Amino acid sequence: MSAFIFDVDGTLAETEEVHRAAFNAAFAEASLPWHWESDRYKELLRVSGGKERMRTFVDEEEILSETPLDDLIPRLHQTKTRHYGQAVAEGQFVLRPGILDFVAEARERGIRLAIATTTSQENVDALLAAAFGGSEAFEVIACGDMVAAKKPAPDIYQLALERLGLPAAACLSFEDSSNGLRAAKAAGLRCVVTPAQYTVDEDFTGADLVLPDLRNAGPVWELFAAGAAA
Ligand SMILES: [Mg+2]
């Protein structure tokens with residue numbers, strides 16, 4: 001038995017611009033004078049998790065909030081999630097090239113599929129519904145706040161492995177970011193990196209394979225076969 005474990009944002013689809021727009025819409029809806037341009041967002045992406053990212057922004061900008069952050073940030077995150085879900089349902093995302101065919105081929109070969117992401121369950125469900133017609137293809141979905149320590153901590157991958165009931169050696173992980181790669185490696189997984197729009201300049205030292213995307217997935221199957229033979 002073996003499984004492929006996928007990150008979501010940047011790996012299944014280019015979603016970061018949708019996330020950024022949703023954050024900005026939530027800030028505007030709360031009448032906050034905050035706005036994240038793409039350069040700033042790229043810096044903030046080093047922090048996994050939307051709530052954690054907002055908190056880092058408030059700290060770095062030394063913003064003095066009238067509303068306690070423990071109230072404000074979860075509320076903003078709810079609004080952001082609503083905007084994101086609407087945008088994704090309207091098809092405002094771009095799937096990574098080759099991902100649909102790759103997932104279909106993996107299913108045909110009897111490989112089990114899982115998700116390990118720091119994004120929330122609502123966001124994952126919205127994307128899987130819009131892109132894959134639902135979440136049925138993915139037997140295990142480890143996401144959001146199911147673990148306290150987000151990527152680059154290995155916890156979300158460890159949870160996915162536990163739910164799959166498989167050792168790391170039986171699985172391959174797929175990531176687009178350095179944080180994700182570090183999380184996967186810390187969980188003992190082999191990792192294929194397909195850098196995305198926002199992560200293309202990151203350091204992927206330690207990756208088992210770096211490919212522009214999964215259109216020509218031959219090297220992935222070779223890596224997978226090498227692991228199965230080992
Ligand atoms: Mg990602």
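Biologist: Is Glu-175 buried or exposed?

Modeller: This is a predicted model, and the answer rests on a computed relative accessibility. Residues under 20% relative accessible area are called buried. Because Glu-175 has a relative accessibility of 0%, it counts as buried.

Biologist: Which residue forms a salt bridge with Glu-175?

Modeller: The partner sits in the loop between strand 5 (140-142) and helix 7 (155-164), whereas Glu-175 belongs to strand 6 (residues 171-175), so the pair links distant parts of the chain, 24 residues apart. The partner is buried too, with a relative accessible area of 6%, and the closest N and O atoms of the two residues are 2.8 Å apart. The residue that forms this salt bridge with Glu-175 is Lys-151.

Biologist: What is the relative accessible area of Lys-150, whose side chain meets that of Asp-145 in a salt bridge?

Modeller: The side chains of Asp-145 and Lys-150 come to 2.8 Å, N to O, in their salt bridge. Lys-150 is buried, and its relative accessible area is 11%.

Biologist: How many residues apart in sequence are the parts that Asp-70 and Arg-55 tie together?

Modeller: Asp-70 and Arg-55 form a salt bridge in which the closest N and O atoms are 2.7 Å apart. Asp-70 counts as exposed at 59% relative accessibility, while Arg-55, at 32%, counts as partly exposed. Since Asp-70 lies in helix 4 (residues 69-89) and Arg-55 in helix 3 (residues 50-60), the parts that the pair ties together are separated in sequence by 15 residues.

Note on methods
Residues numbered from 1 in each chain as written. Predicted model: local features only at pLDDT ≥ 70, side-chain atom pairs only at ≥ 80, totals over all residues. Heavy atoms only, no water. Salt bridge = Lys/Arg side-chain N within 4 Å of Asp/Glu carboxyl O. Helix = DSSP H or I, 4+ residues; strand = E, 2+ residues; numbered from the N terminus. Buried < 20%, exposed > 50% of the residue type's maximum accessible area, 1.4 Å probe, protein only.
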